[in-house]
Amino acid sequence: MAEPRGPLMSPGFWLHHAALAWRQAMEHRLRPLGLTPTQFNLLASTGWLARTGELPTQQQVADNAGADRMMASKVLRGMEDRGLLVRTGDPRDSRSLRLRLTDEGRALASRAVRLAVKLDEELFGAGGDRLREELRTIAMSARSLSTALPAP
């Protein structure tokens, strides 16, 4: 009997489809809040990074959210226009912007985080902690592989 082959045997194939399903579920949950998953990730990252006491830079927020710098800048500008955050110049580096959530942005981020936590609990249940650690390991390994390989 032949060994099964093809995309259905690839963990990457299923990781991709799981990520798509999670994103679709997040879009559905966030829609009533007027947020996309990308906006949510950037807003939540801004709030999370600010907990250290220093306002994060736009680049730090983009990196934490796993977002492209140019796309993050555009999305953050739109959220600033909505009154969810304020971007100010960094007095130590004229090329950087520091981000601060407004009261409205902080409240919205808090509501959105609760939705994300609830979705994670529904989708991943008791195995969520183990899965998080496995995915973190995969993400770190993939990141180091992508920087070590020459461009095609």
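Patches are made of residues with over 30% relative accessible area and no salt bridge; like charges are joined within 9 Å, and nonpolar side chains (Val, Leu, Ile, Met, Phe, Trp, Tyr) within 5 Å. A salt bridge is a side-chain nitrogen of Lys or Arg within 4 Å of a carboxyl oxygen of Asp or Glu. Areas come from the Shrake-Rupley method with a 1.4 Å probe, and for residues only the protein chains shown count as cover.

The model is predicted: local features need pLDDT of at least 70, side-chain atom pairs count only at pLDDT 80 or more, and totals for chains, interfaces and linings use all residues. Residues are numbered from 1 along each chain as its sequence is written, and side-chain values use heavy atoms, leaving out hydrogens and water.

Leu15, Leu135 and Ile138 make a nonpolar surface patch of about 230 Å². Ile138 sits in helix H6 (residues 128-148). Helices (H or I, at least four residues) and strands (E, at least two) are DSSP runs, numbered from the N terminus.

Now go inside. The largest nonpolar core has 24 residues. Such a core is a set of buried (under 20% relative accessible area) Ala, Val, Leu, Ile, Met, Phe, Trp, Tyr and Cys residues joined through side-chain atoms within 4.5 Å. H1, H2, H3, H4, E2 and H5 each supply at least two of its residues. H5 gives the largest share, 5 residues.

Leu76 is among the residues with the most contacts inside this core. Beyond its neighbours within four places in sequence, Leu76 is in contact (heavy atoms within 4.5 Å) with Leu42, Thr46, Gln58, Leu85, Arg87 and Leu99.

Note on methods:
Buried means under 20% relative accessible area, exposed over 50%, partly exposed in between (1.4 Å probe, protein chains only).
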